[in-house]
Amino acid sequence: MSVENAPVVDVDEAAIPVEKKMYYRFESNDKKEFRVSELAIQQSETLNRLVEAMGYTSEDVENKPAIAIENIDGKTLKLVFQWCEHHKGEAIPVDDGSVPKIVEIPEFDAKLMDIDNGLLFKLIWAADYLNIVQLLNVSCKKVANMAQGKTPAQLRRVYLLPSDEEDEAAKRAAQEAQDPRAREVEEEFEERKRQGGNSFF
Amino acid sequence: MNIFARCMPAALPDPIKNPGKPSPLRKLAEAAPRAFNMILSMLTIFDLFALSLVSEKWKRLVHAYHTAVPDNALQCIRLIATTKTEKISITRNEEDKEFWIWEFDSSFNFFNSVFSPSVPVLESLICWKEETEDDAEANGTITRHTLKVRTAEWKAIEKLLEHMFSIFEFRSKIIYFDLDWQSFGTIGFLDSMKQHGFDTYSYQGRNEVEWFLRRILTEQEPTKNLYFDCTTSKEFRFKIEQLNVENHFHVEQSRGIAIGEVLQLMDKGTKQICLHGTSFGKFEFKILVVTLRNMELPKWKKLNLELNKEINVFNCFEDEEILSIKTPTDRNAVIETKTLYTFPLQTDNNYISSDNVGFHIKREDGTIMTATLFGRYFACVYLQDSDAELLSIISSLDHTIDDLHFEYDSLV
């Protein structure tokens with residue numbers, strides 16, 4: 001995808017410093033490109049360190065290939081960068097280790113996370129991977145809120161958690177129907193797990 | 001039929017779609033443990049408890065999360081069983097005003113439920129009706145979250161406790177067990193169960209309670225306080241010397257407890273011991289006082305006893321030198337080891353008559369132990385903080401049996 005056609009995350013112009021605006025280009029694992037402001041990137045410790053280490057100039061950003069984020073798809077990355085742009089310039093919270101952790105979900109974040117559970121878990125994983133502390137806090141809070149007041153039976157349904165019997169039945173079924181392709185998939189999954197689980201979704 | 005079969009779930013769970021596919025939350029536990037732990041840290045106690053009941057795998061995950069971080073350890077668990085109610089209550093911190101309570105309720109209407117034999121036993125015990133109430137009190141607001149558990153059988157309570165101890169770590173355990181407020185056979189829930197015609201009810205009277213007590217005292221032993229008031233058979237014994245109770249050890253029916261066991265408890269560091277209905281008389285009291293005079297007891301503070309015979313301190317220690325002092329705060333008295341100093345006990349408390357007596361004993365380590373005898377049968381032996389403080393402390397000597405009683409209201 002060319003730079004001109006890349007989807008651009010909405011930016012609040014008024015909040016951006018007047019003197020110099022630098023936008024980095026990132027590419028998801030499904031080749032979707034995003035332009036993200038320098039200030040927004042600061043919300044992600046991982047990306048911030050990355051761009052600092054690269055030392056790009058404004059020209060480099062335009063002329064060099066977009067920075068590839070190979071583990072995250074475009075749909076998830078779009079949410080991540082929307083969140084970063086909205087919260088740019090905000091202080092990054094420090095974990096005080098308190099239990100239970102008290103987190104409020106702002107209105108913008110609540111709307112942003114009004115998504116299906118699959119995407120929500122991808123967002124959590126991306127926030128963890130990119131080390132975006134506050135996004136991790138609010139997305140985890142959203143998942144924790146789903147458990148509120150639920151019975152074990154309801155939790156199984158909400159989080160798609162099998163019971164012992166279902167776990168056992170699934171294992172048996174998998175063993176019985178082990179065709180070469182199924183074995184391949186299983187081996188691939190095990191291999192990924194051994195490699196540290198980076199290719200999560 | 002299983003004893004839990006009458007505890008029916010309100011609704012059956014929907015079947016899981018794609019049962020072979022790992023759930024996102026499970027995958028998160030492996031691929032992003034930080035995020036997974038963060039989610040668990042945001043769950044309430046009840047939510048964590050519910051998650052642990054989802055499957056054996058989740059029970060292990062909740063336990064692993066809970067034990068991984070020392071800050072996660074819960075401060076206190078209390079088992080409260082009285083003739084009116086049975087409760088398990090948990091607080092996160094020492095001074096926490098937020099209580100998580102499992103209240104056992106036998107009056108739940110079982111007929112409104114759908115029975116499924118496939119629902120795991122523990123899950124079927126829980127009605128899962130959460131209630132939260134705030135009480136404004138002098139020291140701030142107390143919040144109680146209550147989860148109704150639809151049974152009041154000891155086996156069910158034991159099962160639930162066992163599960164809690166398998167998932168949570170507790171710094172201290174308090175057991176308050178009082179079934180003798182009225183005679184045992186008339187406990188309310190027993191009658192109401194029979195009225196509903198549940199033929200599966202397995203009440204076997206006293207034996208069942210004794211079975212529960214034995215389990216609770218040996219397997220889930222109290223670590224902070226134990227209050228135990230329940231008439232047991234003569235054969236009922238438990239090895240109290242094995243217990244490690246930090247603060248209060250209070251038994252109402254103590255006839256089976258030997259003097260050696262009491263001394264062992266003190267030696268282990270129990271601060272306050274209160275035994276009613278003991279089989280102790282003059283002989284045991286003397287042994288106790290003489291032993292306490294010489295024993296090194298870094299933590300022990302008070303011992304309260306109801307003796308089985310009226311004793312006279314002068315007869316009790318006739319081979320000892322006894323000096324009388326006019327008041328407990330007689331500034332002219334020089335207290336020496338090997339001498340008992342008696343003084344008249346002055347109090348207007350209703351429990352105590354004017355002929356009560358108190359006496360000081362200087363211990364081997366130099367500390368002062370004071371014993372007071374109330375009425376005909378009650379003795380209270382307690383350690384003074386230090387010689388220097390003795391006079392000021394005992395100047396307001398008004399210790400009563402009530403001092404050592406548990407404050408039930410302070411438990412929940």
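**Salt bridges and confidence in a predicted complex**

In this predicted model, A:D30 and A:K32 are joined by a side-chain salt bridge with an N to O distance of 3.7 Å; a salt bridge is a side-chain nitrogen of Lys or Arg within 4 Å of a carboxyl oxygen of Asp or Glu. By this rule, the count over all chains is 14 salt bridges. Local features need pLDDT of at least 70 and side-chain atom pairs count only at pLDDT 80 or more, while totals for chains, interfaces and linings use all residues. Side-chain values use heavy atoms, with hydrogens and water left out.

- A:D30 is partly exposed at 36% relative accessibility, and A:K32 is partly exposed at 35% (buried means under 20% relative accessible area, exposed over 50%, partly exposed in between, with a 1.4 Å probe and protein chains only).
- A:E45 and A:R49 form a salt bridge whose closest N and O atoms are 3.0 Å apart.
- A:E45 is partly exposed at 35% relative accessibility, whereas A:R49 is exposed at 57%.
- A:K122 and A:D73 meet in a salt bridge at 3.2 Å, N to O.
- A:K122 is partly exposed, with a relative accessible area of 25%, whereas A:D73 is buried at 17%.

**Network in chain B**
- Salt bridges with shared partners connect B:E158, B:E162 and B:R215 in one network.

**Confidence**
- The complex receives an ipTM of 0.78 and a pTM of 0.72 from the predictor.
- Chain B has an average pLDDT of 70, and 64% of its residues score at least 70 (pLDDT is the predictor's confidence in each residue, from 0 to 100).
- Residues 348-354 of chain B have pLDDT below 50, and this stretch has 6 contacts in the model beyond near neighbours in sequence (contact means heavy atoms within 4.5 Å).
- Where pLDDT is low, predicted coordinates should not be read in detail.

Conventions
Residues numbered from 1 in each chain as written. Chains lettered and ligands numbered in written order.
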